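Here's a quick tour of the fold, the core and the ligand shell. Keep the model open while you read.

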Amino acid sequence: MTLDDLLFTSAEMQQIGIQHLAPIVDISGHADMTERVSLFESFVAEFEPLLGHTPRWEGFCFIVRELLSRDTLRILETGTLRKVGNWAGDGCSTKIWDWIKEHKVGDIQIVSLDSDRQACAVAREECKHVWVLCKDSITYLRNITDVQLDLVYLDSYDYSPGRETNACMHQVAELASIWEQLPSGCLIASDDSHNPDQGKPALTRRLLSMLGIEPLLDSYIVVWKKP
Ligand SMILES: C[S@@+](CC[C@H](N)C(=O)[O-])C[C@H]1O[C@@H](n2cnc3c(N)ncnc32)[C@H](O)[C@@H]1O
């Protein structure tokens, strides 16, 4: 049984009742298991009203559950929060990483990259626990060494009319720039998947599939784990 098996959905939690988790907690070997489960509940309570109705909710829940089960966290995001409260539009992913850093105990570092100065200014104001760096993602990723990343969240370069191929190519370039440095077990996630052939991860999905790496979750947010 893995830690993942012990994390419950809100509905399951309500059915079971939190007090019945205690014996399961003991056998997991994690003394703070109740804390980890309740932290996920807190995440749901805070973000479901904002994101629960959007296609990203499933992906964010999947990622946060997985990240909360880890002891230390290194998160790197390309494309930062550029507009306050744009939950249904951009998704405000940076707010979620910021929340994790604020609430989860432990050694946690979060970096969010954006080449646009205005976007960086907004994110710095809104996400006080995130290192927001005003950099071109590919240049920065190419020069990273010795970071044991847990999540790379790829959300730069808008998938907009007439620029679809550019957006897909850009994402592949980002992933290629950092691939060698990613440890086994690192989550790789992409926003904006419209269907298997449209959206930012359309080429990334094909490339990784050719390498035998299929998504753990293929939703509007696609999530892979590096073998
Ligand atoms: C969709 S927004 C990011 C949204 C954010 N992750 C959120 O959920 O609110 C995309 C961002 O990528 C940035 N971007 C585009 N090309 C980039 C590049 N080469 N390097 C870094 N950032 C880039 C844009 O400036 C824009 O702010």
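## Ground rules and overall make-up

Helices (H or I, at least four residues) and strands (E, at least two) are DSSP runs, numbered from the N terminus. On that basis the chain has 10 helices and nine strands. This is a predicted model, so local features need pLDDT of at least 70 and side-chain atom pairs count only at pLDDT 80 or more, while totals for chains, interfaces and linings use all residues. Residues are numbered from 1 along each chain as its sequence is written.

A residue is called buried if 20 or more other C-beta atoms (placed from the backbone) lie within 10 Å of its own, exposed if 12 or fewer, and partly exposed in between. Of the chain's 227 residues, 38% count as buried. Two residues are in contact if their C-beta atoms, placed from the backbone, lie within 7 Å. Take the contacts between residues at least 6 apart in sequence: 67% of them join residues at least 24 apart.

Nonpolar side chains tend to be buried together in soluble globular proteins. A nonpolar core here is a set of buried Ala, Val, Leu, Ile, Met, Phe, Trp, Tyr and Cys residues joined through C-beta atoms within 7 Å. The largest one has 48 residues, and Phe60, Ile63, Val64, Ala123, Leu151, Val152 and Ala189 have the most contacts inside it. Helix α5 (residues 57-68) gives the most to this core, with six residues.

The buried residues of α5 are Trp57, Gly59, Phe60, Cys61, Ile63, Val64, Glu66 and Leu67. Its end C-alpha atoms are 16 Å apart, which agrees with the 16 Å that 12 residues should span at 1.5 Å a residue (the expected span is 1.5 Å times one less than the number of residues). As for Ala123, leaving aside neighbours within four places in sequence, its contacts are Thr80, Leu81, Thr94, Ser112, Asp114, Val130 and Val132.

## One face of α9

Helix α9 (residues 164-178) has 15 residues and reaches 22 Å from first C-alpha to last, close to the expected 21 Å. Buried along α9 are Cys168, His170, Gln171, Glu174, Leu175 and Ile178. Seen down the helix axis, these fall within an arc of 160°, so they line one face of α9; the arc is that of the directions from the axis to the C-beta atoms. They pack against β1 (73-78), α8 (137-142), β4 (151-154), β5 (187-190) and α10 (202-210).

Ala202 is found in α10 and is buried, with 24 other C-beta atoms within 10 Å. Neighbours within four places aside, Ala202 is in contact with Cys168 and Asp197.

## The ligand shell

Which residues are closest to the ligand? They are Gly79, Asp90, Asp116, Ser137 and Ser156, among 21 residues that surround the ligand (near means a C-beta atom, placed from the backbone, within 6 Å). The elements giving two or more residues to this shell are α6 (93-103) and β2 (108-114).

By class, the shell has five nonpolar, nine polar and seven charged residues. Ala, Val, Leu, Ile, Met, Phe, Trp, Tyr, Cys and Pro count as nonpolar, Asp, Glu, Lys and Arg as charged, and the others, Gly among them, as polar.

## Two positive phi values

Most residues other than glycine have a negative phi. Cys92, in the loop between β1 and α6, has a positive phi of about 55°. Asp146, in the loop between α8 and β4, has a positive phi near 55°.

Buried or exposed, where do Cys92 and Asp146 fall? Cys92 counts as buried, with 24 C-beta neighbours inside 10 Å, whereas Asp146 is exposed, with 5 other C-beta atoms within 10 Å.
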